[in-house]
Amino acid sequence: MSLQPSKYIWHHGQLVPWEQATVHVLSHSLHYGSSVFEGIRAYPTPNGTVFFRLEDHVRRLLESARIYRMQTPETAPELEDACHRVVDENQLDGAYIRPLIYHDYEALGVVPRQSSVRTTIAAFAWGAYLGEEGMEKGIDVGVSSWQRPAPNTFPTFAKAGGNYLSGILMGREAARHGYAEAIALDSNGYLSEGPGENLFVVRDGVIHTPALHHALLPGITRNTVITLARHLGYQVVEESMPREMLYVADELFFSGTAAEITPIRSIDGMQVGNGRRGSVAAALQRAFFGLFDGSTTDHWNWLEPVRSKQPLAVAVGG
Ligand SMILES: Cc1ncc(COP(=O)(O)O)c(C=O)c1O
């Protein structure tokens with residue numbers, strides 16, 4: 001999906017025009033994948049635009065930086081403020097927000113001891129990552145021949161640029177085989193996740209998802225789905241699952257900030273359930289998107305209105 005440029009990017013502490021938010025070709029992160037980033041959504045609601053779980057995303061961003069010992073110049077409240085500013089100043093009513101912390105170019109050794117740490121935050125309009133049709137009808141998915149990294153190779157809790165090389169290989173292979181997306185196994189052969197999504201399996205009314213030690217990113221939407229599902233009365237189990245759970249599932253679906261809740265209608269060319277979005281995925285989509293039209297109460301304080309610098313128009317009565 002191509003990018004829709006907005007006007008400004010928050011770059012190194014200030015808003016600059018979109019095309020001026022650039023990096024040097026010798027930036028450490030460009031050469032070694034040493035960046036950490038987030039993907040956050042803001043949704044339009046009847047009461048204005050809201051961030052979804054902004055604090056949790058900023059927390060994960062700083063944790064990713066901490067894992068790689070990157071000394072970030074900004075604090076969590078400063079990063080949250082910057083996210084507010086970039087959405088507000090771009091006058092976006094729905095947005096995908098992409099904060100990125102990276103190493104600049106003072107030196108080119110592998111260990112970025114002398115490379116300063118920089119932050120940049122873009123915000124732009126973005127639709128359904130795996131397609132509007134996929135959200136309703138489900139997508140075709142294949143198990144990848146590429147595995148996720150072993151736990152003692154590099155950390156999957158960090159949302160780091162370099163991790164996505166694995167996702168690129170998985171995604172390209174999936175496309176070559178005619179699939180919309182891939183699922184990877186971990187290095188022990190258990191189900192892990194997609195290139196940018198967590199995985200859920202429904203069987204006999206119980207919702208299963210790979211536990212956190214299966215080489216996956218602890219997704220914020222994953223946590224949202226678990227919370228909403230339990231609130232709706234479903235049993236949710238985080239566990240180890242063999243590949244064949246995919247073939248005996250009643251339903252499969254992905255979760256992610258970009259993918260939101262996307263049903264899977266076939267796996268390795270085999271129909272899942274009735275080959276359409278299942279009732280559990282549909283119920284969870286309703287609960288999730290209901291947060292933004294008011295039909296689901298936000299018991300968890302996940303929504304945070306975008307702060308506007310524009311003065312509110314006050315209607316003066318006669
Ligand atoms: C590898 C990977 N797994 C899972 C997810 C889903 O995480 P979240 O729901 O926090 O967006 C993402 C997206 O950020 C991802 O890149």
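In the predicted model, the axes of helix α6 (residues 220-231) and helix α7 (residues 279-293) come within 10 Å and cross at roughly 105°, where axes are lines fitted to C-alpha atoms, for helices over the stretch in contact, and angles run from 0 to 180 degrees between N-to-C directions. Helix α6 is therefore roughly perpendicular to α7, a term that covers angles of 65 to 115 degrees. Helices here are DSSP runs of H or I with at least four residues, strands are runs of E with at least two, and both are numbered from the N terminus. On the side of α6 the contact is made by T224, V225, L228 and A229, and on the side of α7 by L284, A287 and F288, contact meaning heavy atoms within 4.5 Å. By class, this contact has six nonpolar, one polar and no charged residues; Ala, Val, Leu, Ile, Met, Phe, Trp, Tyr, Cys and Pro count as nonpolar, Asp, Glu, Lys and Arg as charged, and the others, Gly among them, as polar.

Residues are numbered from 1 along each chain as its sequence is written. Because the model is predicted, local features need pLDDT of at least 70 and side-chain atom pairs count only at pLDDT 80 or more, whereas totals for chains, interfaces and linings use all residues, and side-chain values use heavy atoms, with hydrogens and water left out.

The chain is assigned domain 1 (8-124) and domain 2 (132-293), with bounds that come from an automatic or database domain assignment. The centres of the two domains, taken over C-alpha atoms, are separated by 26 Å, and 22 residues of domain 1 are in contact with 24 residues of domain 2.

A search of the whole structure finds two cavities of 30 Å³ or more, a cavity being a set of points, on a 1 Å grid over the protein atoms alone, where a 1.4 Å probe fits but cannot get out, with lining residues having an atom within 4 Å of a point. Grid points are joined across faces, edges and corners, and a volume is the space filled by probe spheres set on the points. The largest cavity holds about 50 Å³ of space and is lined by R41, Y43, F52, H57, T221, G256, T257 and F288. Its lining draws at least three residues from each of domain 1 and domain 2, and divides into three nonpolar, four polar and one charged.

The second largest cavity has a volume of about 40 Å³, and its lining includes G142, V143, S144 and Y179. Two or more lining residues come from each of β8 (139-143) and α5 (164-176), and α5 gives the largest share, three residues.

Terms used:
1 Å grid on protein atoms, 1.4 Å probe; cavity = no way out; pocket = protein on both sides within 12 Å on 5 of 7 lines; lining within 4 Å. Parallel < 35°, antiparallel > 145°, perpendicular 65-115°, else oblique.
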